[in-house]
Amino acid sequence: MYLNEVSKLHELGSPGVVKILHSEVISVNPKIKKFVIVTELMQGSLSDLISEKGRFAEVEAISHMRDIIEVYHKSLFQKNNVHRDFKPANVLFNKLENGKL
């Protein structure tokens, strides 16, 4: 399952999807596998922003939702993919508050 998700993220290569810089499976023994993923640096999630700000101004909320829907549509939907765990904690933001999935 993990390897499929990582390979899908590599394939998408969209500006709206968090970039995986490196991934590796580390096998301690045949029964135990650990996975290492190095991604681009993100500053936080939509969940963090909601906790910090409380409520968004209507214009700001609409702007964030428009960006999220656009990213979802262009990066996933048009390429026949679905995000199975879509929630505020999984919408990440960089320094410029550009949302990524």
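The pLDDT is the predictor's confidence in each residue, on a scale from 0 to 100. The structure is a predicted model, in which local features need a pLDDT of at least 70 and side-chain atom pairs count only at pLDDT 80 or more, while totals for chains, interfaces and linings use all residues. Residues are numbered from 1 along each chain as its sequence is written, and side-chain values use heavy atoms, with hydrogens and water left out. The chain has a mean pLDDT of 76, and 77% of its residues reach 70 or more.

The secondary structure comprises 3 helices and 5 strands. Helices (H or I, at least four residues) and strands (E, at least two) are DSSP runs, numbered from the N terminus. Read from the N terminus on, the order of the elements is α-β-β-β-α-α-β-β. Where pLDDT is low, the predicted coordinates should not be read in detail.

The chain exposes about 7,400 Å², of which carbon and sulfur atoms supply 57%; accessible areas come from the Shrake-Rupley method with a 1.4 Å probe, and for residues only the protein chains shown count as cover. Of the 101 residues, 27% count as buried. Buried means under 20% relative accessible area, exposed means over 50%, and partly exposed lies in between (1.4 Å probe, protein chains only). Among contacts with a separation of 6 or more, 48% are between residues 24 or more positions apart, a contact being heavy atoms within 4.5 Å.

Strands β1 (20-29) and β2 (32-39) form a hairpin with 2 residues between them. The two strands run antiparallel and are joined by 8 bridges; strands pair if DSSP finds at least two bridges between them. Within this pairing, I26 stands opposite K34 in β2. I26 also belongs to a nonpolar surface patch with L21, V36 and V38, and together these residues have about 310 Å² of accessible area. Patches are made of residues with over 30% relative accessible area and no salt bridge, with like charges joined within 9 Å and nonpolar side chains (Val, Leu, Ile, Met, Phe, Trp, Tyr) within 5 Å. Strands β1 and β2 each supply at least two residues of the patch. L21 lies in strand β1 and counts as exposed because its relative accessibility is 57%.

S45, in strand β3 (residues 44-45), is buried because its relative accessible area is 6%. Beyond its neighbours within four places in sequence, S45 is in contact with P88, A89, V91, L92 and F93. S75 is placed in helix α3 (residues 58-76) and counts as buried because its relative accessibility is 1%. S75 and P15 are 60 residues apart in sequence, and their C-alpha atoms are 8.1 Å apart in space.

A search of the whole structure finds 1 salt bridge, defined as a side-chain nitrogen of Lys or Arg within 4 Å of a carboxyl oxygen of Asp or Glu. The side chains of K53 and E60 meet in a salt bridge, with an N to O distance of 2.6 Å. Side chains of opposite charge can pair when their charged atoms come close. K53 is partly exposed, with a relative accessible area of 37%, and E60 is also partly exposed, at 26%.
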